[in-house]
Amino acid sequence: MALFFDPDWFDAKLAERGLSRAVLAAVSGMSEADLALVFKDQRELSAAEVAAFAELLGASPAEIAEHAGISTPVPVEDPLERIAALERRVEALEAELRRLHRS
């Protein structure tokens with residue numbers, strides 16, 4: 001796994017598709033200045049940006065995260081499952097709070 005952002009890998013993926021960094025910035029919803037910070041390893045990508053990079057570059061989110069640096073989050077593949085998991089956690093916390101309140 002890469003420790004730092006790998007600009008050469010991303011530039012190669014863009015070149016394979018005939019795309020520029022400006023297109024990558026636009027698709028991911030960031031300014032070109034923000035993207036420049038990402039390429040200089042001075043800004044991390046969000047999970048949504050990882051997903052946008054993956055879709056545009058034809059790579060998996062995990063592959064994007066690997067080349068973007070180890071602390072970059074990989075987006076959850078199924079957002080409905082993530083919501084369900086969060087709801088289960090909230091229910092468990094609420095039950096624990098009710099139990100503690102009765103004590």
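Are Phe 5 and Phe 10 buried or exposed? Both Phe 5 and Phe 10 are buried, where buried means under 20% relative accessible area, exposed over 50% and partly exposed in between (1.4 Å probe, protein chains only). The model is predicted, with local features requiring pLDDT of at least 70, side-chain atom pairs counting only at pLDDT 80 or more, and totals for chains, interfaces and linings using all residues. Residues are numbered from 1 along each chain as its sequence is written, and side-chain values use heavy atoms, with hydrogens and water left out.

**Figure 1. The aromatic cluster of Phe 5, Trp 9, Phe 10, Phe 39 and Phe 53.** The structure contains 5 aromatic pairs (rings of Phe, Tyr and Trp, the last by its six-membered ring, with centres within 6.5 Å; planes under 30 degrees apart are stacked, over 60 edge-to-face and the rest tilted). Phe 5 and Phe 10 are stacked, at 4.5 Å centre to centre and 10 degrees between the planes. Trp 9 and Phe 10 are paired edge-to-face, at 4.9 Å centre to centre and 90 degrees between the planes. The relative accessible area is 16% for Trp 9, which is buried, and 0% for Phe 10.

**Figure 2. Helix H4 (residues 47–57) against helix H5 (residues 61–68).** Helices (H or I, at least four residues) are DSSP runs, numbered from the N terminus. The axes of H4 and H5 come within 8 Å and cross at roughly 110 degrees; axes are lines fitted to C-alpha atoms over the stretch in contact, and angles run from 0 to 180 degrees between N-to-C directions. H4 and H5 are therefore roughly perpendicular to each other (65 to 115 degrees). In H4, Val 50, Phe 53, Ala 54 and Leu 57 meet Pro 61, Ile 64 and Ala 65 of H5, contact being heavy atoms within 4.5 Å. By class, this contact of H4 with H5 has 7 nonpolar, no polar and no charged residues (nonpolar: Ala, Val, Leu, Ile, Met, Phe, Trp, Tyr, Cys and Pro; charged: Asp, Glu, Lys and Arg; polar: the others, Gly among them).

**Figure 3. The crossing of H2 and H4.** The axes of H2 and H4 come within 9 Å and cross at roughly 130 degrees. Val 23, Leu 24, Val 27 and Ser 28 of H2 contact Glu 49, Ala 52, Phe 53 and Leu 56 of H4. The residues of this contact divide into 6 nonpolar, 1 polar and 1 charged.

**Figure 4. The buried residues of H4 and their cover.** Among the buried residues of H4 are Glu 49, Ala 52 and Leu 56. The cover includes H1 (7–16), H2 (21–28), H3 (32–39) and H5.

Notes:
Helices (H or I, at least four residues) and strands (E, at least two) are DSSP runs, numbered from the N terminus. Angles under 35 degrees count as roughly parallel, over 145 as roughly antiparallel, 65 to 115 as roughly perpendicular and the rest as oblique.
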